[in-house]
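Subject: The two-chain model, with notes

Hi,

Here is the structure I promised to pass on. Have a look at it first, and then read my notes below.

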Number of protein chains: 2
Amino acid sequence: MTDDRDARHNDKMRRVQAARRVMMESKTVEKGLLIVHTGAGKGKSTAAFGMAVRAMGHGMKVGVVQFVKGAMTTGEKAIFDAFPELIEFRAMGEGFTWDTQDRARDVAMARTAWEEVQRMLADPDIAMVIADELNIVLRYDYLPIDEVVAVATARAPMKHLVVTGRNAPDALIAAADLVTEMTQVKHPFRAGVKAQAGVEF
Amino acid sequence: MTDDRDARHNDKMRRVQAARRVMMESKTVEKGLLIVHTGAGKGKSTAAFGMAVRAMGHGMKVGVVQFVKGAMTTGEKAIFDAFPELIEFRAMGEGFTWDTQDRARDVAMARTAWEEVQRMLADPDIAMVIADELNIVLRYDYLPIDEVVAVATARAPMKHLVVTGRNAPDALIAAADLVTEMTQVKHPFRAGVKAQAGVEF
């Protein structure tokens with residue numbers, strides 16, 4: 001009985017493996033990807049910083065622009081600071097929009113941060129640019145979506161651009177190569193648990 | 001006109017900020033979280049390793065057990081290797097199940113990896129344990145879900161346990177504090193793009 005189950009399993013796995021090999025061999029294109037992490041769940045920025053670690057481990061230099069302060073936390077910063085030659089980061093947001101209470105200043109700040117993204121995209125030494133929480137800025141119309149999509153699309157062919165934030169605009173999703181939506185299934189705030197070191201910051 | 005829009009925005013943001021302050025002040029509990037990253041999209045393991053970086057940056061030691069080889073890639077490993085006192089990792093899986101073709105061996109391997117998770121959960125020096133791709137092992141019934149939930153629930157109160165992998169079992173979701181589903185919206189493999197250094201590995 002167990003032998004039977006094992007034999008069926010092994011047979012199935014052999015077929016899956018063969019199909020997977022054929023699938024992988026058909027993938028031959030190398031290109032810089034436009035990657036979007038969106039959705040109301042957690043993990044959008046965290047996964048982007050995880051990608052930064054992966055790229056840095058291959059000796060690829062990463063540029064990070066934070067459109068909203070606080071997305072990259074003291075936790076990541078302490079580790080990234082150990083690799084100054086592999087990562088450049090600019091915290092541009094002076095606080096979440098609901099803390100600044102000044103739309104005109106937010107618009108100006110978004111513009112400055114966006115110029116920093118463009119500078120990193122133009123830098124041949126930087127292989128991956130992370131525009132962290134750019135979607136939030138687009139959501140509030142602090143930057144014109146047409147301009148953002150035009151710049152993203154015109155970037156150098158091998159450059160990876162990762163954009164995070166909930167409510168990614170449709171035009172950005174349409175232009176992207178890889179889009180993942182992080183959906184909240186269950187959140188501990190509902191049970192009165194506070195933000196904790198090593199988890200939220 | 002613009003002044004009007006700015007005034008309305010600033011007023012709205014003031015109300016959002018006040019509501020947020022009240023919400024945050026009601027959160028007072030500190031506890032170790034059982035966190036699950038599931039779904040068919042990308043970013044489950046990447047976000048878990050991003051959490052590892054965050055925790056390590058706070059001087060918290062992290063333990064990682066990989067149930068499926070290849071989930072933590074050479075990229076992350078090169079960076080993590082720079083902090084041997086802050087991270088301990090065990091790559092237990094000898095290959096994705098569709099590569100091993102041997103159910104009995106997979107079951108034994110899953111058991112060994114699970115014992116390693118339990119050892120790390122019992123180690124007071126380890127603040128966060130990542131059971132990477134444990135859900136896949138549960139999906140194939142390589143380990144009894146009841147046992148896994150019982151151990152997860154009985155862990156020390158301040159210990160964080162992060163479980164990744166698609167198809168998280170309902171019983172694990174029910175026991176978890178924080179569950180995020182990563183949903184695939186768009187994937188570059190569909191356009192013939194191959195797995196690339198710094199992105200997939």
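Let's start with how the chains meet: 83 residues of chain B are in contact (heavy atoms within 4.5 Å) with 83 residues of chain A. Before going further, please note that this is a predicted model, in which local features need pLDDT of at least 70 and side-chain atom pairs count only at pLDDT 80 or more, while totals for chains, interfaces and linings use all residues. Residues are numbered from 1 along each chain as its sequence is written, chains are lettered from A and ligands numbered from 1 in the order in which they are written, and side-chain values use heavy atoms, with hydrogens and water left out.

The interface

Together the chains bury about 7300 Å² (accessible area, 1.4 Å probe, that the two parts lose on being put together, summed over both), and 60% of that is on carbon and sulfur atoms. The rule finds 2 salt bridges across the interface (a side-chain nitrogen of Lys or Arg within 4 Å of a carboxyl oxygen of Asp or Glu). In the salt bridge between Arg54(A) and Glu76(B), the closest N and O atoms are 2.5 Å apart.

What about the interior? In soluble globular proteins, nonpolar side chains tend to be buried together.

Val163(A)

Beyond four places in sequence, its contacts include Leu34(A), Ile35(A), Ala131(A) and Leu172(A). The C-alpha atoms of Val163(A) and Thr38(A) are separated by 8.4 Å, although the two residues are 125 residues apart along the chain.

A backbone detail

Asp141(A) has a phi near 60°, a positive value in a residue other than glycine, and phi of Asp141(B) is also near 60°. Most residues other than glycine have a negative phi. Asp141(A) is found in the loop between α6 (134-139) and α7 (145-153) of chain A (helices are DSSP H or I runs of at least four residues).

Best wishes

Notes:
Helix = DSSP H or I, 4+ residues; strand = E, 2+ residues; numbered from the N terminus.
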